[in-house]
Amino acid sequence: MFSGNSNSFGMFNINFSDYAAIRNGSYRRLLAAHYAMDNKTSKSRTVTTKDWVVNKADRYGIDEDTKEKDKDTEVNPEKKAYNTVQTNAQSLKSATDKLTEVGSKSVFNKVEVKDEAGETSMQYDTDAIYKAVKSFADNYNSTITSGAETKSDNVNRTVRAMINYTKANQSALSAIGIEIGKDNKLTVNEDKFKSADMERVQNLFSGRNSYGSQISSQADLMNKYAKSAAAATSTYTQSGKYNYFDYSAMFSSSI
């Protein structure tokens, strides 16, 4: 029944050498060592999702030209543009909200001022108000510029709305030293602004239906539209090709 050949196979075609290795634990230790080494290699490649995307060529034998194209998809110019719009719109909303703030945090709250004769009176802090309005104008300019450069109809619609609201208030803005240029950007004449009636400034920017509240609402909308557009660009590249993402990186550490 046992022929004693070098392969040590029995009548049921069992390799008794392998069987003995399994029984004494040698085979188990060999498997453990093998998978420990594989785990170590896997961890070195899956520290981040970015590592897996970059190393895709190494793992799947993709040529260097394709590898370079994959690197280009990591920096999507269109998505970067929408991220810039988001940042600018958020800054504009913050700058506008500072002017529309009411109560104890309002920039239009009067402060105690002492004149040369030593007499005190309550007056507007024109320096603080000018600083807030200048910040608004600068952020407004950045926002309409970056928004107009995108392909999103929704973002462009909010740009046009801001420009239209601004033009509708051109006379009121000019009266306090804010001018609209041919490029629709705002400039603030510091001297004219500081000598203007601050109540007029407050009325222009404060209140539910004021110019300031309208711009704040549009900035908030633009931020949301840009965020949605940026998310959409994550799926397809500019050439219309589907962006590769190796989801196995998310699970490899548990295998």
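Predicted model: local features only at pLDDT ≥ 70, side-chain atom pairs only at ≥ 80, totals over all residues.

What percentage of the 255 residues in the protein do buried residues make up? I get 33%, with buried meaning under 20% relative accessible area (1.4 Å probe, protein chains only).

Residues are numbered from 1 along each chain as its sequence is written, and side-chain values use heavy atoms, with hydrogens and water left out.

I looked up the secondary structure: 12 helices and four strands, taken as DSSP runs (helices H or I, at least four residues; strands E, at least two) numbered from the N terminus.

Next I checked α7 (residues 126–148) against α12 (residues 211–232). Their axes (lines fitted to C-alpha atoms over the stretch in contact) are 12 Å apart, at an angle of about 40 degrees. That makes α7 oblique to α12, oblique being whatever is left after under 35 degrees (roughly parallel), over 145 (roughly antiparallel) and 65 to 115 (roughly perpendicular). From α7, F136, Y140 and T143 make the contact, and from α12, Y211, I215 and M222; contact means heavy atoms within 4.5 Å.

Then I turned to α8 (residues 153–168). I found its end C-alpha atoms 22 Å apart, which agrees with the 22 Å that its 16 residues should span at 1.5 Å a residue (1.5 Å times one less than the number of residues). Its buried residues include V155, A161 and I163, and the buried set packs against α7 and α12, among others.

Definitions and conventions: Axes fitted to C-alpha atoms, helices over the stretch in contact; angles between N-to-C directions. Buried < 20%, exposed > 50% of the residue type's maximum accessible area, 1.4 Å probe, protein only.
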